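Subject: Structure for you to look at

Hello,

Here is the structure I said I would pass on. Please open it beside this email and follow along.

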Amino acid sequence: MVDFGNKLRALRVGKGWTQEQLSTRLGVTKSVVSAYETSLRYPSYDILIRITSVFGVSSDYLLGIKQKTTIDITGLTAENERLVRQLIDALRR
């Protein structure tokens, strides 16, 4: 979890949020977010789940288990989802 704090900071900055704004979304204090970003402290499982939800990333990514990119296809029709999958398959060839 060495990179957890850096990943969290990069995600937050990428959204253009302050530590205060992220802390409000997570239900923690700004000082807790600061401690996460400086790796002085690590989140509980509940907060980790909230972080993954807020940023749309996996816990594996945050914890450095896997370096895998995901694409959110929520809200696409079944046909559009099928087309996206076909395009991804074609690009992998």
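Predicted model: local features only at pLDDT ≥ 70, side-chain atom pairs only at ≥ 80, totals over all residues.

**Helices H1 and H4**

Two packed helices are described by the angle between their axes and the distance between the axes. For helix H1 (residues 4-15) and helix H4 (residues 45-55), the angle is about 35° and the axes are 11 Å apart. Their crossing is left-handed. On the H1 side, the contact is made by Phe4, Leu8, Leu11, Arg12 and Lys15. H4 contributes Leu48, Ile51, Val54 and Phe55. By type, the residues of this contact are 7 nonpolar and 2 charged, with no polar ones.

Which residues of H4 are buried? They are Ile47, Leu48, Ile51, Thr52 and Phe55. Looking down the axis of H4, you will find these buried residues within an arc of 145°, so they line one face of the helix. An α-helix has 3.6 residues a turn, so residues three or four places apart point the same way. On the other side of H4, the exposed residues are Tyr45, Asp46, Ile49 and Ser53.

What do the buried residues of H4 pack against? Their partners are H1, helix H2 (19-26), helix H3 (30-37) and helix H5 (59-63). Just after H4 comes Gly56, which has a positive phi of about 65°.

**The nonpolar core**

The largest nonpolar core has 16 residues, and Ile51 and Phe55 are those with the most contacts inside it. At least two residues of this core come from each of H1, H2, H3 and H4. H4 gives the most, with 4 residues.

Not counting residues up to four places away in sequence, Ile51 touches Phe4, Leu8, Leu26, Pro43 and Leu62.

**Some single residues**

Ser39 is in the loop between H3 and H4. Most residues other than glycine have a negative phi, and most peptide bonds are trans. Ser39 is not a glycine, yet its phi is positive, at about 60°. With a relative accessible area of 26%, Ser39 is partly exposed.

Gln19 belongs to helix H2. Is Gln19 buried or exposed? Its relative accessible area is 15%, so Gln19 is buried, the cut-off for buried being under 20%. Leaving aside neighbours within four places in sequence, Gln19 is in contact with Arg12, Lys30, Val33, Ser34 and Glu37.

Glu20 is also in helix H2. At 42% relative accessibility, Glu20 counts as partly exposed.

Asp46 lies in helix H4. The relative accessible area of Asp46 is 55%, so this residue is exposed, since exposed means over 50%. The C-alpha atoms of Asp46 and Val33 are separated by 14 Å, with the two residues 13 residues apart along the chain.

Best wishes

Key
Residues numbered from 1 in each chain as written. Heavy atoms only, no water. Axes fitted to C-alpha atoms, helices over the stretch in contact; angles between N-to-C directions. Left-handed = near helix turned anticlockwise from the far one by under 90°. Contact = heavy atoms within 4.5 Å. Nonpolar A, V, L, I, M, F, W, Y, C, P; charged D, E, K, R; others polar. Buried < 20%, exposed > 50% of the residue type's maximum accessible area, 1.4 Å probe, protein only. Arc of directions from axis to C-beta. Core = buried A, V, L, I, M, F, W, Y, C linked by side-chain atoms within 4.5 Å.
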